[in-house]
Amino acid sequence: MAATAAFRETRDEVADRAAFPPPPLGARPVDRAAWIAAFRHVRDETERRAAPLSPEDQQVQSMADASPTKWHRAHTTWFFEQFLLREHLPGYAIYDERLHYLFNSYYVAAGPRQPRIMRGLITRPTADEVAGYRAHVDRAVEALLSQASASALEAILPVLEIGLYHEQQHQELLITDILHAFAQNPLGPAYDPNWRFPRPQGATGRAELARGITQIGHAGEGFSFDNESPRHDVLIQGGTIDRALVTNAEWLAFMADGGYARPELWLSDGWIAAQAEGWDAPGYWRRVGEDWASMTLAGIRAVDPALPVTHISYYEADAYARWAGRDLPTEFEWEVAAREDRLADAFGLVWQWTRSAYTAYPGYRPVDGALGEYNGKFMSNQFVLRGSSVATPQGHARVGYRNFFYPHQRWQFTGLRLSDVR
């Protein structure tokens, strides 16, 4: 991740990286101090990412897909209160019952909620009052971890663990959502004037994908979301996958060849979306004189041809692949190549679109209760992305991680690499 004011780590924070990921579940004896450190690490990172933002910045909601920073801070707190403290801390005093309607996201089993598109209307509680809510819940969680019996921890730690990874997901959304909001501001404000996109590794060539049957999915070591299981056999057709990501220079060639104006390159729904939205370049690109610039976390900057293209939809990625006479990899091809360390910049720059529909692995069953709504109910009409992005928190990325978005969405740091099937 780039060294920036918002993401820069002090010497003590670098030393504290071991606080996340937390110790593996099932370890004996349970290291309570390490779990408390992991909890503090994640909670502090959310506040660190929010710190450059004014109360006005934290209130804005620029579209239905995005949420205000203040809402992210409160929702992740509600998650621990709802699923951890209410269930496992006897005598816990709810901070404010009214907040559960405001900051539930999509957990129908947990009760009614503010419509997503109306989150920006929640002017109260204030950003400072949300900080008080976070502090109240943080104290209670740390007390629970310190005082719970060893047998109680067996039920507590799995919920805490998913809550930590859940909050990291919202840390990434906090960054991408505020970038979208700032992109709507004619002043082009900077989240961090010193932010710079990391340089890619500069790899060339293609990695071979041998034809055959292999296993995909979580292998049972360390954390995973439920949509990464069960582990199962898949057929790899054989072919190649590019070691490098597609760059801005390559995308500019696509644009110069009329890529956005050639309907034969586009899926029908993609062509409709491109025409309706007026797409003629990746998200956040704009003309500055004769040149292209882009809205970034540092404000408006010239497009660097050497950097990977980002903020593109699945429709754009698919059109580019057709233009290049290539394919997008399946998520399984990507996982095989990444597992064998044959992809440059698999992690840390851009999420990479695959041509795999987001659906259940064979034998998948969601977990019981409201947490079963976490992933399974979204397995429709979306595509899988693999890797991680510049906004992904340290310790969150994994080879088997399955991110997913609708094919028209492009406010995330999303890019691509190409493949060929024999």
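Student: What makes R398 count as buried?
Tutor: The model is a predicted one. In it, R398 has a relative accessible area of 16%. Buried means under 20%, so R398 is classed as buried.

Student: Why is the contact between E228 and R398 called a salt bridge?
Tutor: The closest N and O atoms of E228 and R398 are 2.2 Å apart. The criterion asks for a side-chain nitrogen of Lys or Arg within 4 Å of a carboxyl oxygen of Asp or Glu, and therefore the pair qualifies. The pair links distant parts of the chain, 170 residues apart: E228 is in the loop between β2 (212–216) and β3 (232–236), and R398 is in the loop between β9 (383–387) and β10 (403–405).

Student: Is E228 buried or exposed?
Tutor: E228 has 3% relative accessibility, so it counts as buried.

Student: How many salt bridges are there by this rule?
Tutor: The count comes to 28 salt bridges. One of them joins R73 and E47, with the closest N and O atoms 2.9 Å apart. R73 lies in helix α4 (residues 69–88) and E47 in helix α2 (residues 32–50), so this pair ties together parts that are 26 residues apart in sequence.

Student: Which residues are joined with R73 and E47 into one network?
Tutor: R43, R134, D138 and E167 belong to that network together with R73 and E47, through salt bridges that share partners.

Student: What makes R206 and D242 a salt bridge?
Tutor: Their closest N and O atoms are 3.6 Å apart, and the limit is 4 Å; the pair is therefore counted. R206 lies in strand β1 (residues 206–209) and D242 in strand β4 (residues 239–242), so the pair ties together parts 36 residues apart in sequence. R206 is partly exposed at 46% relative accessibility, whereas D242 is buried at 14%.

Student: Why are the buried residues of helix α9 said to line one face?
Tutor: The buried residues of α9 (residues 268–277) are G270, A273 and A274. Seen down the axis of α9, they fall within an arc of 100°, so they line one face of the helix. An α-helix has 3.6 residues a turn, so residues three or four places apart point the same way. On the other side of α9, S268, I272 and A276 are exposed. The cover over the buried residues of α9 includes α10 (314–324).

Student: Why is the positive phi of H311 remarked upon?
Tutor: H311 has a positive phi of about 60° although it is not a glycine. H311 is found in the loop between β7 (299–302) and α10, and at 3% relative accessibility it counts as buried. N381 also is not a glycine and has a positive phi, of about 65°. N381 lies in the loop between β8 (351–357) and β9 and is exposed, with a relative accessible area of 62%.

Student: How do you know that the peptide bond between F20 and P21 is cis?
Tutor: Omega is about 5° for the cis bond joining F20 and P21. P21 is found in the loop between α1 (11–15) and α2. A cis peptide bond with omega of about 5° also joins R124 and P125, and P125 lies in the loop between α5 and α6.

Student: How does the radius of gyration of the chain compare with that of a compact globule?
Tutor: A compact globule of 422 residues would have a radius of gyration near 22 Å; the chain has 22 Å, which agrees.

Terms used: Residues numbered from 1 in each chain as written. Predicted model: local features only at pLDDT ≥ 70, side-chain atom pairs only at ≥ 80, totals over all residues. Heavy atoms only, no water. Rg over C-alpha atoms; globule rule 2.2 N^0.38 Å. Buried < 20%, exposed > 50% of the residue type's maximum accessible area, 1.4 Å probe, protein only. Helix = DSSP H or I, 4+ residues; strand = E, 2+ residues; numbered from the N terminus. Arc of directions from axis to C-beta. Contact = heavy atoms within 4.5 Å.
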